[in-house]
Amino acid sequence: MRKFHQNRQAIYPTDPWQVVEASFDPQFNHRNETIFSLGNGYMGLRGTLEEGVPDHIPSTPGIYLNGIYETEPIIYGEFMAAQPREYQSMINVTDWQGMQITIEGEQFSLFTGEVEAYKRTLDLKEGVLRRELIWISPKGKRAQINFERFVSQTNRHLALQRCKVTPLNFQGEVTISSQINGDVYNYHHLREQALEVLSVDLKNESGYIVSRTKNSKITIACGVTHKTNPKTAMTSLATDTSLEFSVKFSVVMNQSYSMEKYVAMTSSRDTSPDHLDAFVYNLSKESAQRGYEREKADHVTFLDQYWEHTDVEIKGDPTLQQGLRFNALQLLQSTGRDGKTNIAAKGLSGEYYEGHYFWDTETYIIPFFLYSQPKLVRKLLEYRYSILDAARQNAQRMGDQGALYAWRTINGHEGSGNFLGSTVQYHINAAVAYAIHKYYEATEDGEFLAEMGAEMLFETARCWAHRGAFLDSRGGKYCINEVCGPDEYKPGVNNNCYTNYMAKFNLELALQARELLARDYPKRYSQLVKELKLSEEEFALWQKCANLMYLPFNKELGIHPQDDSFLDKDPIDIDSIPEDQIPLVGNWHPLRIWRYQLIKQADVILLMFLLGDQFTLEEKRANFDYYEPKTTHDSSLSPAIYSIIAAELGYEEFAYNYFLQTVRLDLDDYNRNVWQGLHTACMASSWMGVVNGFAGMRTYGGQLQFSPYVPDHWESYSFKVKFKGAQLEVVVEAENTSYTLLQGEGLTFLHFGQPVTLSATETKQLANQ
């Protein structure tokens, strides 16, 4: 088994509910812009400084609206038939967070004068970013400066800022100004500026900017209103692309002076284009009338409820506790909740991956939310339904039937021109189907299945039944050729094991959904049969494909070959590859990678987890022992899955070490690339490492089950699970596990294979064996 990378030293001081930057160091500014990101799933902004930084300091300012993108043509060196013609990129929208302070004619900057008692804090419990410091100006003026901001969790269109100055050794004049800039651009990917300003207007302390993307023709609006304390007259200025509001205070020592900024944003996807300006203008004014503290109190109350259901508590390792909570907050801040958006690979924290949604959502992020926030999961699945027509068009592009979900997308159409890493990954269909299954299993939401879920299952099953062939060379088995599984280092292979098993699962789910709808929702079933032109012959074909699916297995090795050619690839010792050549995708030619028994990320091992009830423990052990030394983990999606299976096999040291590579990947900047944005799927997988790994939680056949243990480094851990209308609290200690039914009339589950039944509010303590 391969060696582990050395775990990184913690960058930020350990605190269970805070991430603190104790001093400002310009060389880490870029990284901290990501770490101190805020958002509410609709709007997000990077942790840039309100006053900005000099041009020579690396910085990527960014404010984003989930699902708002620009399109540009894909430029190919050599174009091949039926390739995607354009891509989508999430755009940097109107920059509203700028604020400047001038003290007796000297402009505040961390790069001039002296800074004392600096502290920037991301409050994980409250979802609020604070910065406090004492600044001594070049001329000796000493002032306490405080910044605070949050993006409202109770009104997705709102964000609030506050700047407060307290003179400590002088009296005189202090000016606080607020800037809103519509002349913004993307720092990566797009070749041209995406937004053009259509209109700018101001009225006293308020104003708005309306802009539109040049190609996708999406209109956005940003409105602002300001309040000061003490109340002081404000001046304002508008240009063709910007707004500025300034207040000049006559100050005395030890009294505080502040400006509050109330920001509203929307787009033509949510609000009529004719009313965008009025919407943001009025909403910012209404928010100011409610007041900063009231808006913050509502926001904090929302987060209190979130933590009540979502928090995982670890006793004995405060560093990992901090990491899990940081991940959980950032996931909430990044995830769309409107049924029209999803969660990007980098969330709303950066432009990399262009704001695209991947299968990461269904395989990693939905499990995190499903057992604490099931309503949010439904919205993520509603997004998949909203792009079903685009998936149908994608299937037609590939000469297939039914629907083929894009590998990376915002609007539903394939956003990647690299077909060897995108369109070839047909398993995305099965990921969507699997997530529908898990959602229905946990919630019994038959209405969703009838209205949306079944149609997606039918159309993805239709694609699978057309995509393969019954081959005489395989004894008449149904084979699926020229695909790529989760391991992107092996594209264009035949009979990828993961893909075939998941396709079979998808086909069987569709047939089960057919039976359920015909029985419980006959009108909707008849409607779908008519609209989709389904027939008994087609249902029979799905069954035949599932029954005869080729499922690779090598008796000699006792493993499931990753694909038809993997066992015949050139062997290689992964530990012999110099670390400076990892990840391979950025250092080796693809042909060099493809020829070896190299695996980028969990493939067969992911299958062992998702469909774990279809494999014996001995098979899982043989597969783990075979594939683990061949896996580079060049994707952050990989370590958690190996951790979970290692825990199931009793490889506790491996399980723990792999888990460590997930929980603080971003906080400790393991890959030295966090400046690009967060790794949202890896964040979600850290929750999986605790709950599915150490606690052994599985849901097979609608049955909830646990096989928990406590890692040697911990005292105990606890979490909560919602399942079929009940909520269960699980507290795992070294010798025993306590289960308490917090909600619901009763729940039956398995503890180490033995049935346990709890009635309302009942607690049972059981031995870990």
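1. Which order do the strands of the open three-stranded sheet have, and is their pairing parallel or antiparallel? The order is β2-β3-β4, and the pairing is antiparallel. This and every other point below refers to a predicted model. The edge positions are taken by β2 (38-39) and β4 (63-65), each of which pairs on one side only. Between β2 and strand β3 (residues 43-45), the antiparallel pairing runs over two bridges.

2. A second open sheet deserves attention. It has five strands in the order β20-β25-β26-β27-β30, with antiparallel pairing. Its edge strands are β20 (313-315) and β30 (763-767), and each of these pairs on one side only. On average, neighbouring strands of this sheet are turned by 20 degrees against each other, direction ignored. Strand β27 (residues 736-743) pairs with β30 in the antiparallel sense over five bridges. Within that pairing, Thr740 has Thr763 of β30 as its bridge partner.

3. The salt bridges may be considered next. How many does the structure hold? The number is 42. Among them is the one in which the side chains of Asp311 and Arg325 meet, at 2.9 Å from N to O. Asp311 is placed in the loop between α3 (292-310) and β20, while Arg325 belongs to helix α4 (residues 318-334), so the pair ties together parts that are 14 residues apart in sequence.

4. Turning to helix packing, helix α5 (residues 360-370) and helix α6 (residues 374-386) have axes that come within 8 Å and cross at roughly 155 degrees. Because angles over 145 degrees count as roughly antiparallel, this description applies to α5 and α6. From α5, the contact draws on Thr361, Glu362, Ile366, Phe369 and Leu370; from α6, it draws on Pro374, Leu376, Val377, Leu380, Leu381 and Arg384. Sorted by class, the contact of α5 with α6 comprises eight nonpolar, one polar and two charged residues.

5. Helix α6 also packs against α9, at an angle of about 40 degrees and with the axes 10 Å apart. The two helices are therefore oblique to each other. Their crossing is left-handed. On the α6 side, the contact is made by Arg378, Leu381, Glu382, Arg384 and Tyr385, and on the α9 side by Glu447, Phe448, Glu451, Met452, Glu455 and Met456. By class, the contact of α6 with α9 has five nonpolar, no polar and six charged residues. Leu381 and Arg384 are listed in the contact of α6 with α5 and again in the contact of α6 with α9.

6. What is the angle at which helix α8 (residues 427-443) and helix α9 (residues 446-467) pack? The angle is about 155 degrees, and the axes lie 10 Å apart. That makes α8 roughly antiparallel to α9. The crossing of α8 and α9 is left-handed. In α8, the residues that meet α9 are His427, Asn429, Ala430, Val432, Ala433, Ile436, Tyr439 and Tyr440; their counterparts in α9 are Gly446, Phe448, Leu449, Gly453, Met456, Leu457, Thr460, Cys463 and Trp464. The contact of α8 with α9 has 12 nonpolar, five polar and no charged residues.

7. Asn229 and Pro230 are joined by a cis peptide bond, with omega about 0 degrees. Pro230 is located in the loop between β16 (219-229) and β17 (234-238). The bond from Ile582 to Pro583 is likewise cis, with omega near 0 degrees. Pro583 is found in the loop between α12 (536-547) and α13 (590-594).

8. The last point concerns backbone geometry at one residue. Asn495 sits in the loop between β22 (477-479) and α10 (497-520).

Conventions. Residues numbered from 1 in each chain as written. Predicted model: local features only at pLDDT ≥ 70, side-chain atom pairs only at ≥ 80, totals over all residues. Heavy atoms only, no water. Axes fitted to C-alpha atoms, helices over the stretch in contact; angles between N-to-C directions. Helix = DSSP H or I, 4+ residues; strand = E, 2+ residues; numbered from the N terminus. Parallel < 35°, antiparallel > 145°, perpendicular 65-115°, else oblique. Left-handed = near helix turned anticlockwise from the far one by under 90°. Contact = heavy atoms within 4.5 Å. Nonpolar A, V, L, I, M, F, W, Y, C, P; charged D, E, K, R; others polar. Pairing = 2+ DSSP bridges. Salt bridge = Lys/Arg side-chain N within 4 Å of Asp/Glu carboxyl O.
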